[in-house]
Amino acid sequence: QGVLAMLRQTLYRFDLPAHWLALPAQGERRLTNYLHLAELLQSASAQLEGEQALIRWLATQIDNPGSGGEAQIVRLESDADLVKVVTVHKSKGLEYPVVCLPFAGSFRPMDKRSTAYLSLPVQGEDGPARALVLDYDDDQLAQADRERLREDLRLFYVALTRPRHVLWLGLAPMKRGAGKACLNEQGAAGYLLAGPSVQSAPQWQASLQALADGCAHMAVQPLAAELQPLPRWQPAQDQPALRPAPGYDAVFDKRWGIGSFSALTRAMAAPSVPVLPVAAQFPADDEVEPVSAEGSQAVSLAPLALPMQPASAAAVWHRFMRGPVVGNFLHDQLQWLADAGFALPEPGSREGEEEAVSLTPLETRLLRRCERAGRADQALDALRWLRAVVHQPLPPLSISLVQLAAQDALLAEMEFWLPARLLSAPRIDALCRHYLLPGMERPVLPQRVLHGMLMGFADLVFCHQGRYWVLDYKTNHLGADGTAYTAQALQAAMLEHRYDVQAALYLLALHRLLRSRLGAAYEPTEHLGGALYFFVRGLDGATQGMEVLPQSDNMMALLDALDALLADGQSMKEQA
C-alpha cells in the first residue's frame, strides 16, 4: 500500500478534493484521474524496485498511450447517476436510494438431476458441523431443500432492507419445467405470504393483494400485456451548483511518527540523511563509522564491497569482505538459518572438492542463496564462517545456537512496537551514559524527540536455564585478526555505534513482553538474562567476539527509567 497511501495522503493533506470540486468545470474529472493514476502506480510498484524505476515506467506509459490495455481507459467522473447491478450477497451492509428486484420471486430448488452431492448440518462432537453426502436419499434431498429455503429467506431479508426510498419487486407465478402447477411456496417470497401451503396463481395473487391493502405504502401493479415505450433519458443540461464545503475543525497531530534505534542514531553516521516517518530496517546499516564533529570518520574502513588481501593463516571471517552491505547479507542468512534450526554440521577439515561433494541439503540451499544474492565467489567462505558461528559456545552461557535451536528455545527477528508520547533522545542518552558502561566516552545522540511509536527487530531472543536473553549479530571489522577483538575493543565499538542505546531499547521490549506474558509470576532478577552482542568476526579472539550486558541493579534501574519515560508524556514534555 506504499505508493497508493502516499498519494492519498498528499491528496488530503493539501485539501485537493475540495479545491478541484469547487472549480467551475473539470474538477471532478481531475480528481478521478488522480485517483486512477494512483491505482496504476500502486499496481506497477509491486513489480518494480524503487522510485526511479516507477518514474521510468510512468514516462514509458506516457510516451506509449494505450499500451496498458483496459487498465488505462479513462474512467467516468462519477457513477452516481448510473444504474448499479449487484448481487444480493454483495449488497449486504449497503444502502441505495431506489432498489429494483426484477426476479424477487424466483428460486432454485434442489433436485437430483442438478445436484451431485449435499452438504447437510449434523451434530458433531464439538458442536454443530456439516457433512458431505455423496449418496443421498429422498429424505436427505428434502432436508437440503429446506436448508436452501432458509438461506433464500435470509437473502430475501437482505434484499428488502437495502432501499432508502422506493422498492420494486418483480413477482410472478413460478413453475418448474413444463408443469402448470404454481410452486411459489417453495421460494422465499411465496413462503412469506402463505407459508408452506400450496396455492394456485389466483390465490397467491389474492394473498399479495391482501398484504398490500393492509399497508398504506405498498401497492400491487399488474404488468401490462404490452409494455408501453419508455422515453429515453435525457441528462440534465445544467448541473446543480455545489454547496460550499463545510468547515472541518479537526486537529491532526502532525508530530506523530515511527522511530527506531536507527532513527535515533542515523544523524551520527550521515548528518545529511533525512529522517523519514517510517525508515526501512536494515540491521547492519549502523555499522558505518560515525562522523566526528569535524566531519571526518573516527576510524577508516576499507572500501565497501572490496575483499581484504587474503592471508593463508587468517580465518575466513577475517579475510571476508566487509561493510554494511555484507553485514546485511550475513544478517539475512543468520535469520534464515534460525528458521531452519541452525542445522549446519560442525566445522571440519574438509577443503575444496571434498567439501563440495559432502554438503548437506541445508548447506546446498545456503550456497544457492549466496548465488542468488550475487555472492557466488564468496559462497563457500560464507558457509564456513556460518558453520563456526552457529557452533560457537556463547559466552558466558557455554551453549551454541545449534543447541538452543534443538531445545526449541529461540525466536528470530522478534518485532516490537512501543507507544511513546514524548520520548527525548537526550534523556535516553543521559540514562544510558549513567547506567551502561558508566564513565566511558561515547558520541552524543542527535537532538530529537520521538512522539508516536518506537519499533524494532531483535535479531534473536532465546531462553536458557529459565532466563531470557536478547542477542544481536554484529559484523563490524575491528582488526586484521582475533587479537584485535579484546574486551576493550568490543566496548569501544559498542559505545562508538551507541549499541548501548540499542541494547537498552531491546531489553525494554523483552522486559515488557515478559511482564505481560508472565504476569505476577514475572521476577526480573530470575527471568531476565541480559543482552549479548555477538561480533562474529571475533570468534578466535580472547572474548570469542561476545560483549555481555547482564541483568543487574543498574540494568533494572535503567529499564524502569525508560519504562517511565515511555509512559509519562507530561514529564517528558517538561524534560524536553
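Asp 408 sits in the loop that runs between α14 and β6 (410-424); helices here are DSSP runs of H or I of at least four residues, strands are runs of E of at least two, and both are numbered from the N terminus. The model is a predicted one, where local features need pLDDT of at least 70, side-chain atom pairs count only at pLDDT 80 or more, and totals for chains, interfaces and linings use all residues. Residues are numbered from 1 along each chain as its sequence is written, and side-chain values use heavy atoms, with hydrogens and water left out.

Back to Asp 408: its phi is near 55°, a positive value in a residue other than glycine. Asp 408 is also exposed, at a relative accessible area of 70% (exposed means over 50%, buried under 20%, partly exposed in between, with a 1.4 Å probe and protein chains only).

The loop between α13 (379-391) and α14 (401-406) holds Pro 396, and the peptide bond joining Pro 395 to Pro 396 is cis, with omega at about 0°. Ser 398 belongs to the loop between α13 and α14 too. Its phi is near 55°, again positive in a residue that isn't glycine, and Ser 398 counts as exposed at 62% relative accessibility. For context, most residues other than glycine have a negative phi, and most peptide bonds are trans.

As for Asp 339, this residue lies in helix α10, which covers residues 324-339. Asp 339 is exposed, with a relative accessible area of 63%.
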